[in-house]
Amino acid sequence: MGRLGWGGHFGGLAARLDGVFGADGAFAHDRLRFVDFVDDVEEMLEELARHEGGDEEAADGFEDYVLRHYAGDGG
């Protein structure tokens, strides 16, 4: 992200995601529910869109998309 010039926007990202993934890169379900993680990521995307003057609504579908496609939620 630094090469894209976005590094300044993600200063707290590592701290917010600390402990979410194990050393092997797998999501740590025992530390955080997947749905809570996805909700947090959507909020971060909306925050980035606000900061960049973009369309915050564009990030709104992220949570629904991920849960339908990756969490087995057929809704």
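I began with contacts (heavy atoms within 4.5 Å). Leaving aside neighbours within four places in sequence, I find Glu-42 in contact with Ala-59, Asp-60, Gly-61, Phe-62 and Glu-63.

On conventions, I note that this is a predicted model, where local features need pLDDT of at least 70, side-chain atom pairs count only at pLDDT 80 or more, and totals for chains, interfaces and linings use all residues. Residues are numbered from 1 along each chain as its sequence is written, and side-chain values use heavy atoms, with hydrogens and water left out.

I checked confidence next (pLDDT is the predictor's confidence in each residue, from 0 to 100). The protein chain averages 77, and 75% of the residues score at least 70.

I placed Glu-42 in helix α2, residues 34-52. Helices here are DSSP runs of H or I, at least four residues, numbered from the N terminus. Just after α2, Gly-53 takes a positive phi of about 75°.

I looked for a charge partner. Glu-42 is buried yet has no salt bridge, and Arg-68, the nearest side chain of opposite charge, is 9.3 Å away. Buried means under 20% relative accessible area (1.4 Å probe, protein chains only); a salt bridge needs a side-chain nitrogen of Lys or Arg within 4 Å of a carboxyl oxygen of Asp or Glu.

I listed the other buried residues of α2, among them Glu-46, Leu-48 and Ala-49.

Conventions: Helices (H or I, at least four residues) and strands (E, at least two) are DSSP runs, numbered from the N terminus. Buried means under 20% relative accessible area, exposed over 50%, partly exposed in between (1.4 Å probe, protein chains only). Lys and Arg count as positive and Asp and Glu as negative; His and the chain ends are not counted.
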